[in-house]
Amino acid sequence: MGIGGPPRQDGQAPPAPPLDPELRAALAASGAAARERVTPENLAAVQRRDAGARPRPTLPELRADGRFEAAELTAPGLNGGPEVRLVLARPAGVPGPLPLLYYLHGGGMVMGNARSVLPRLLRELALPLHLAVVSAEYRLAPGTRYPGPLEDCFAGLVHTAGRAVALGLDADRIVLGGKSAGGGLAAALALLLRDRGGPAPIGQLLLSPMLDDRGSTFSSHQMAGVDTWDATSNATAWRALLGDRYGTVDLPPHAAPARATDLSALPPAYLEVGSAETFRDEAVAYADAIWRAGGEAELHVWPGACHGFDALAPQAALSRDAREARRRWLRRILGASGPGNGSAE
């Protein structure tokens, strides 16, 4: 299903698309750390550094002096798995039941935490759209390999939907979402819910999603050594997640959604990716496969954007445009699913 393409026959990677000027300046100011490659040799060190440096706001910090409500929940694990920690946050004083963005954090399946993403999600999406956010603390690879992280996400969603009334949530208006690894997990979770049954999401917000373990797209070769998350880091992360199943021909689509041959009967999808990004072609191919299956997808390829561009340069014009496009899609999806959709600007 991917947009394939080997490197040039002379062995050189094809030239990369130019970066947006604001992003290029931000990337230069970030120094070499912004393009550090994750390898099997340095993975453990990268994970330790990330765990120590990445923010993990407390519940009082998430509440932001009363602007938001925040609480930690625990969901029973599936098939003997451990409990799954969840963080539920919502604008304070907004009557429910609120629609829910069930969000899965990024970090290549090997890094990140559920709390670090919440301040921006609350500020940029929950507050203007009057929705609640649940962020899931799924287990990381290689300590937990597939299907463990995905089963954590499934367990957390089932538990949250089952308690929707008590939590002041609308179980009929759930949107799955995530960025990078989280975008891939959100896509996989949509497939798993379709195939296994469970809560029926009304949309999937897939931001620079990590979908394909094969590393065979043109953009994965084109952006090797260039993008902030390149083919080396990507292969390291997929190997950490899949172990001996990495690259095998019979890998199930729930492990790597780009492997899916049937993308019918999925909720409407929003996909975004940068033109100067490793994941560009797999995201474009995934949107195309949804269309070919008769589904609904909105695709944005932001010109000159690298992986993680809106976190790298949040005030750049391109980042502002991307945030507004996400809000418009969410507002439309929530409005189409019922009354009281929080259409406040």
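User: How far does α9 reach from its first C-alpha to its last?

Analyst: A word first: this is a predicted model. Helix α9 covers residues 231–242, which makes 12 residues. At 1.5 Å a residue one expects 16 Å, and the model comes close to that, since the reach from first to last C-alpha is 16 Å.

User: What sits at the two ends of α9, and which residue just after it has a positive phi?

Analyst: At the start of the helix, Asp-230 places a side-chain oxygen within 3.2 Å of the backbone nitrogen of Thr-232. Just past the other end, a phi of about 60 degrees turns up, and the residue that takes it is Gly-243.

User: Does the span of α5 agree or disagree with what its 15 residues should give?

Analyst: At 1.5 Å a residue, the 15 residues should span 21 Å, and the end C-alpha atoms of α5 lie 21 Å apart, so the two agree. This helix is mostly covered as well, with 13 of its 15 residues buried. The span of α5, then, is 21 Å.

User: How many disulfides does the whole structure hold?

Analyst: A disulfide is a covalent bond between the sulfur atoms of two cysteines. Cysteines do occur here: Cys-153 is buried at 0% relative accessibility, and Cys-306 is buried at 3%. The search of the whole structure for disulfides gives a count of 0.

User: Which helix gives the most to the lining of the largest cavity?

Analyst: The search of the whole structure turns up 1 cavity of 30 Å³ or more, and the largest cavity holds about 80 Å³ of space. Its lining has 13 residues, and those closest to the centre are Met-109, Leu-185, Leu-241, His-254 and Ala-255. At least two lining residues come from each of α5, α7 (181–196) and α9. With 3 residues, the one that gives the most is α7.

User: Where is Pro-97 placed?

Analyst: This proline is worth a look for its backbone, as the peptide bond from Gly-96 to Pro-97 is cis, with omega near 0 degrees. Another cis bond runs from Ala-141 to Pro-142, and Pro-142 lies in the loop between β4 (132–137) and α5. As for Pro-97, its place is the loop between β2 (84–91) and β3 (98–104).

User: Is Ser-180 buried or exposed?

Analyst: Ser-180 is a residue other than glycine with a positive phi, near 60 degrees, and it is found in the loop between β5 (169–179) and α7. Asn-79 also has a positive phi, near 50 degrees, but it is exposed, with a relative accessible area of 76%. For Ser-180 the relative accessible area is 6%, so it counts as buried.

Methods
Residues are numbered from 1 along each chain as its sequence is written. This is a predicted model: local features need pLDDT of at least 70, side-chain atom pairs count only at pLDDT 80 or more; totals for chains, interfaces and linings use all residues. Side-chain values use heavy atoms; hydrogens and water are left out. Helices (H or I, at least four residues) and strands (E, at least two) are DSSP runs, numbered from the N terminus. The expected span of a helix is 1.5 Å times one less than its number of residues. A polar contact is a pair of N or O atoms within 3.5 Å; within protein, one must be able to donate a hydrogen and the other to accept it, and residues adjacent in sequence count only if both atoms are side-chain atoms. A disulfide is a pair of cysteine sulfur atoms within 2.5 Å. Buried means under 20% relative accessible area, exposed over 50%, partly exposed in between (1.4 Å probe, protein chains only). On a 1 Å grid over the protein atoms alone, a cavity is a set of points where a 1.4 Å probe fits but cannot get out, and a pocket is an open set with protein on both sides within 12 Å along at least five of seven lines; lining residues have an atom within 4 Å of a point. Grid points are joined across faces, edges and corners, and a volume is the space filled by probe spheres set on the points.
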